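Hi there,

Here is the structure I promised to pass on to you. Have a look at it first, and then read my notes below with the picture open next to them.

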Amino acid sequence: MLFLQANPVAQALNSAEWVFPTAEIFHIVGFGISIGTIAAVDFSLLGGGLRRKAAPRLLRDTAPWTLTALTIVILAGLVLFLTMPLDYLRNDSFRFKIIALIFAIAFNYTIHRKVASSENISPPLGILVGSVSLILWVSVVAGGLFIAFVTA
Amino acid sequence: MNSIAAFSQWLSERDWAMDFAGSAQVYPIVLATHLACIAVFGGLILLTNLRLLGWTLKSFSISDVIGRFRIWKRIGFVIMVTCGLLLAGSEANKYYYNPYFLVKLTLLVLIGVHGLVFRPSVYLNTQELDRAPVIPPRAKLAAGLSLALWIGVVSMGRMIGYYEGPSELGIPLGPVKQSLYVQPQDRSLCAIWTERFPD
């Protein structure tokens with residue numbers, strides 16, 4: 001496992017001081033865009049924001065932005081991870097975040113997409129799916145922040 | 001000591017400030033909430049501006065997008081600012097000379113000015129924008145500036161934690177919140193820190 005920490009990528013990344021903060025900024029702005037566009041759909045499913053019956057159009061219009069930004073977030077996240085992989089793997093908050101992220105992405109591209117793109121979404125279903133989506137994504141962000149606060 | 005320094009020092013010495021900044025649970029939870037607001041509500045600012053630029057949500061009228069997102073953006077803004085005031089206020093003695101924090105504050109003031117300048121002609125004038133055959137340049141200008149200012153605010157916000165403190169200027173630093181200044185990832189900063197403050 002030690003080769004992970006001393007890998008050439010990590011050495012290259014750690015040799016410049018600006019790499020980590022720059023990747024963090026891309027990571028944060030990127031999740032603002034990706035999760036933000038998902039949250040806009042969630043608000044509509046909850047019955048606030050744009051009306052519930054507008055959800056399919058809203059989803060169609062925002063999906064490319066979500067996917068592009070999600071790709072940027074994950075790439076930036078990978079750079080952050082590779083600077084010291086072992087420390088992250090040992091970190092409980094990081095593990096929680098990755099599990100939450102897997103659930104969030106899976107949920108987003110299965111149930112969430114199916115419900116948000118259907119006509120005549122029933123209010124209880126809309127509220128349920130919108131809430132689960134918001135909770136999952138907020139957990140991912142919170143899990144990410146707590147990486148710096150839990151002692152590994 | 002100038003009055004801003006004196007006030008910041010006074011503020012950060014209040015009981016609530018010391019309890020808050022020293023708490024291993026409350027502090028990160030408030031910080032996480034502040035950050036989650038970027039995701040949940042920042043996206044609405046983004047979508048509003050992208051609509052004004054004509055880049056997305058074109059099947060919705062500008063009035064619809066701005067009008068229906070407004071209440072959510074306000075709720076988000078209140079939560080975000082409340083958390084921000086707690087975070088900055090409780091450690092005001094370490095924030096008032098942090099250049100990234102000062103740039104962030106300046107950008108926030110500029111966002112206020114942006115609102116004053118563009119609200120009458122853009123954000124409160126959406127029906128006229130919807131009637132226009134093409135989106136007027138002033139609406140696109142407002143959107144572009146808003147995007148740039150908000151991305152600046154987010155970036156500067158992250159950088160606040162990287163400022164090492166002007167110990168070379170002889171300004172005394174209080175006991176520094178380890179998690180804010182020396183994150184496990186920042187090995188170079190860690191090294192600098194141990195050098196400067198051996199205990």
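**What I found**

Let's start with chain B, whose secondary structure amounts to eleven helices and zero strands. Keep in mind as you read that this is a predicted model. From the N terminus on, the pattern for chain B is α-α-α-α-α-α-α-α-α-α-α. The chain has 199 residues, and 32% of them count as buried. If you take the contacts in chain B with a separation of 6 or more, 74% of them join residues 24 or more positions apart.

For contacts with a separation of 6 or more in chain A, residues 24 or more positions apart account for 80%. The C-alpha trace of chain A spans about 55 × 25 × 20 Å along its principal axes.

**A helix with a kink**

Now find helix H6 of chain A, which covers residues 92–116. Where is the kink in H6? It is centred on A:Asn108, and the bend there is about 45°. A:Asn108 is also one of the buried residues of H6(A), along with A:Lys97, A:Ala100, A:Leu101, A:Ala104, A:His112, A:Val115 and A:Ala116. What do these buried residues pack against? Their partners in chain A are helix H3 (19–46), helix H4 (55–83) and helix H7 (123–146).

**Where the chains touch**

The contact between the chains takes 37 residues from chain A and 33 residues from chain B. On the chain A side, H3, H4 and H7 each supply at least two residues. H3(A) gives the most, with 15 residues. Sorted by class, the side of chain A that touches chain B has 24 nonpolar, eight polar and five charged residues.

**A helix pair in chain B**

Back in chain B, look at helix H7 (residues 99–123) and helix H9 (residues 137–160). They pack at an angle of about 160°, and their axes are 9 Å apart. Angles over 145 degrees count as roughly antiparallel, which is why H7(B) is described as roughly antiparallel to H9(B). The crossing of the two is left-handed. Among the residues making the contact are B:Phe101, B:Leu107, B:Ile111 and B:Phe118 of H7(B), and B:Ala142, B:Leu149, B:Val153 and B:Met156 of H9(B). By class, this contact has 17 nonpolar, five polar and two charged residues.

**Two residues with positive phi**

Most residues other than glycine have a negative phi. With that in mind, check A:Asn120, which is not a glycine but has a positive phi of about 50°. You will find A:Asn120 in the loop between H6 and H7 of chain A. B:Leu57 is not a glycine either, and its positive phi is about 55°. B:Leu57 sits in the loop between helix H4 (42–53) and helix H5 (62–90) of chain B.

Is each of these two buried or exposed? A:Asn120 has 6 other C-beta atoms within 10 Å, so it is exposed. B:Leu57 has 25 C-beta neighbours inside 10 Å, so B:Leu57 counts as buried.

Conventions: Residues are numbered from 1 along each chain as its sequence is written. Chains are lettered from A and ligands numbered from 1 in the order in which they are written. This is a predicted model: local features need pLDDT of at least 70, side-chain atom pairs count only at pLDDT 80 or more; totals for chains, interfaces and linings use all residues. The bend at a residue is the angle between axes fitted to the seven residues ending there and the seven starting there. Helices (H or I, at least four residues) and strands (E, at least two) are DSSP runs, numbered from the N terminus. A residue is buried if 20 or more other C-beta atoms lie within 10 Å of its own, exposed if 12 or fewer, and partly exposed in between; C-beta atoms are placed from the backbone. Two residues are in contact if their C-beta atoms, placed from the backbone, lie within 7 Å. Ala, Val, Leu, Ile, Met, Phe, Trp, Tyr, Cys and Pro count as nonpolar, Asp, Glu, Lys and Arg as charged, and the others, Gly among them, as polar. Axes are lines fitted to C-alpha atoms, for helices over the stretch in contact, and angles run from 0 to 180 degrees between N-to-C directions. Angles under 35 degrees count as roughly parallel, over 145 as roughly antiparallel, 65 to 115 as roughly perpendicular and the rest as oblique. A crossing is left-handed if the near helix is turned anticlockwise from the far one by less than a right angle, and right-handed if clockwise.
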